[in-house]
Amino acid sequence: MIRKVGIASALVAIFSIPAFAATEYWVAKDAATKKCEVVTKKPDGTKLTDAGNKTYTSKANAEKALKELAACK
C-alpha cells in the first residue's frame, strides 16, 4: 500500500512540473528585425534584448505592456 502511494505521488509530481514552468514572461525586442514579442525565457541580450526590464506573471499583462512600451512602438 505504501509503495502504491509513493508511486502515485511521484507520478503526480512528474506530470505537474510543466504546468509551473512558464510562470514568468518578458517583453523582448529582436535585434535583427527590431520587433517586440512576449517570451517565456529571459532575453539573452544578443538576439533578444529585454525591452521592458520587468517580468510579468501572466501573458496577458506582458502583451498589454508590449503595446504600451515606447521601445516597441
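Which pattern does the protein follow when read along the sequence? The order is α-β-β-β-α, with helices (H or I, at least four residues) and strands (E, at least two) taken as DSSP runs and numbered from the N terminus. This is a predicted model, in which local features need pLDDT of at least 70 and side-chain atom pairs count only at pLDDT 80 or more, while totals for chains, interfaces and linings use all residues. Residues are numbered from 1 along each chain as its sequence is written, and side-chain values use heavy atoms, with hydrogens and water left out.

**Overall form**

- The protein has two helices and three strands.
- The protein is more spread out than a compact globule, because its radius of gyration is 18 Å, well over the 11 Å that the globule rule gives for 73 residues. The radius is taken over C-alpha atoms, and the rule is 2.2 Å times the number of residues to the power 0.38.
- The C-alpha trace spans about 60 × 25 × 15 Å along the principal axes of the protein.

**Burial, surface and contacts**

- Of the 73 residues, 18% are buried (buried means under 20% relative accessible area, exposed over 50%, and partly exposed in between, with a 1.4 Å probe and protein chains only).
- Among contacts (heavy atoms within 4.5 Å) with a separation of 6 or more, 38% involve residues 24 or more positions apart.

- Strands β1 (residues 26-30) and β2 (residues 36-39) run antiparallel and are joined by four bridges; two strands pair if DSSP finds at least two bridges between them.
- Lys 29 stands opposite Cys 36 in β2.
- Five residues lie between β1 and β2 in this hairpin.

**Two residues with positive phi**

- Most residues other than glycine have a negative phi.
- Lys 34, in the loop between β1 and β2, has a positive phi near 65 degrees. Lys 34 counts as exposed because its relative accessibility is 56%.
- Asn 53 has a positive phi of about 55 degrees, although it is not a glycine. Asn 53 lies in the loop between β3 (48-50) and α2 (59-68), and at 67% relative accessibility it counts as exposed.
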